[in-house]
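Take a look at the model below. The paragraphs after it walk through one chain and then one contact between chains.

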4 protein chains.
Amino acid sequence: MTTHSRQQLPKNPDYVGLVRERFAQQKPMELIGASLGKIELGYVEIRVPCTESIMSISFVNYVHGGIIGMIADSAMGFAGLTMAEPGMVGVTAEYKINMIAAAVGDELVACGQSVRSGSRLTVASAEIFAVSNGDRKLVAMALGTLIPTGVRTDSPLV
Amino acid sequence: MTTHSRQQLPKNPDYVGLVRERFAQQKPMELIGASLGKIELGYVEIRVPCTESIMSISFVNYVHGGIIGMIADSAMGFAGLTMAEPGMVGVTAEYKINMIAAAVGDELVACGQSVRSGSRLTVASAEIFAVSNGDRKLVAMALGTLIPTGVRTDSPLV
Amino acid sequence: MTTHSRQQLPKNPDYVGLVRERFAQQKPMELIGASLGKIELGYVEIRVPCTESIMSISFVNYVHGGIIGMIADSAMGFAGLTMAEPGMVGVTAEYKINMIAAAVGDELVACGQSVRSGSRLTVASAEIFAVSNGDRKLVAMALGTLIPTGVRTDSPLV
Amino acid sequence: MTTHSRQQLPKNPDYVGLVRERFAQQKPMELIGASLGKIELGYVEIRVPCTESIMSISFVNYVHGGIIGMIADSAMGFAGLTMAEPGMVGVTAEYKINMIAAAVGDELVACGQSVRSGSRLTVASAEIFAVSNGDRKLVAMALGTLIPTGVRTDSPLV
């Protein structure tokens, strides 16, 4: 997708620490065995090993589409978070995901990218790859919208 | 959403058994604590109690958006499955979901409905409610596309 | 879709006049021959006759999918507008649309509904019907997100 | 977005002629003043000058979101068409689009790309740019699904 300029200065100098701290608190990521990969300004990777507990049963060894959506959503949310002002987070307003190929491999990597980061609206995209023996295959693409909000204020969805 | 006619005859007379059998095999549903609710021709509910392990940390007691997408996707898939010919299943090609309100409550219920069921394309929708003390609040809406395929043949995504 | 309560009081008592005024200024609606149907609080219809100029060529007499998306987007936008505070409009942040059946008929009617109207986020849905000799057939479903903004201020997309 | 390999051989050697022929028959493209840009295997551009008739009235000189969706949908459809076997076309099953920035400029260019082309499912993406004095600004991103079908057979949506 459109390459985000990574030369600009972050609004939050400790965006890496913020991503790590908030990711560690996300129980659902722990539940599915997900961990963080690369973290850059505007870009975050989420990795999940292809264990039996996240498989769909439709076809042998396919990761469940809902799990793919879940790491795509999270990767987009954390990519948006790297761009946020201190004290702000982004709440997912919506996302959509297309499955491209069977999600078979050793692990999945969801690569989230902030496409646009504004005061009232953040747009992010994600590409999800299945990795087998070091080879990457694109298995899904996602687009989503985040609404910036203060960590101590109510969600825009209340 | 558009009310599906439930008076037509099912193509697979044992669609309820099929849904129960395949749901029981889905490890990711077990992982998040999900269970089946109502199963009718063209309509399937998936319920998940709002335990700590599926919470987002953005705001207190909110269910993670990825979990909401996961049960929405599954409810649409199983609703499509009730309409399928014997020996056929639907593979998720894509879905999209809008968050409407904070997912706070005792449990979530994803109500999946088959909007159109054809030989090359199935369209399904889902409404996801948070239930608190018996009151239902709409928290998300989803739309998705399934591609029918034989259970013994390859996925269209291979 | 979820029935919007129409018993509440409008924030803008002249929401019907506002919809008519703004619709009349939309050149693209004139271009495709669209007109307004019913206007209620949270609900707006847009109608377009199935003339040759809006046909796709893939199959005889099918309306182009882009035209269907265009009236769906507008119907959702105007449904959101009926709920807005005086001086506010909603800017489309995103929408998605599923084609359900061939769009063949005398005219298309896009029925837009506000699902949720908040200060930072409006969610709307649309059902698009083809009408032939008075019979309605569902041909598409859409979901979208609007960002409320002041008419005299900049767009959130600037 | 994911770069499509353009080194592979086309299934239809005259894919450029096919795109030109079918585009010329699309009345809605003529209606909005659209024309074809680059045509490569897996990639098609659609251009539209920013005339008054395609403007939204929400903000001065913004192109209507429905028009942006229309050229995005078409660019994805034609990108898919370049990959199709002779005698086959793709029918849009669904698409979704995120607005990134205000669509202001001399012209818009929708760049459609085939992400995956299979016998039962094609996935395409589009990036839409506003061009002003030769400068390109990303204004929207889209993802869509096409169902391959024979030109002489019925649509999968019938």
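Helices (H or I, at least four residues) and strands (E, at least two) are DSSP runs, numbered from the N terminus. Read along the sequence, chain A runs α-α-β-β-α-β-β-β-β. That comes to three helices and six strands. The radius of gyration of chain A is 15 Å, close to the 15 Å that the globule rule gives for 158 residues, so chain A is as compact as a globular protein of that length. The radius is taken over C-alpha atoms, and the rule is 2.2 Å times the number of residues to the power 0.38.

This is a predicted model: local features need pLDDT of at least 70, side-chain atom pairs count only at pLDDT 80 or more, and totals for chains, interfaces and linings use all residues. Residues are numbered from 1 along each chain as its sequence is written, chains are lettered from A and ligands numbered from 1 in the order in which they are written, and side-chain values use heavy atoms, with hydrogens and water left out.

Along its principal axes, the C-alpha trace of chain A spans about 45 × 35 × 25 Å. Contacts (heavy atoms within 4.5 Å) reach along the sequence. Of those in chain A with a separation of 6 or more, 66% join residues 24 or more positions apart.

Now turn to chains B and D. Each chain gives 15 residues to their contact. Together they bury about 1,100 Å², 52% of it on carbon and sulfur atoms. Which three residues supply 43% of the area that chain B buries against chain D? They are B:R116, B:R120 and B:L121, more than any other three residues. Buried area is the accessible area (1.4 Å probe) that two parts lose on being put together, summed over both.
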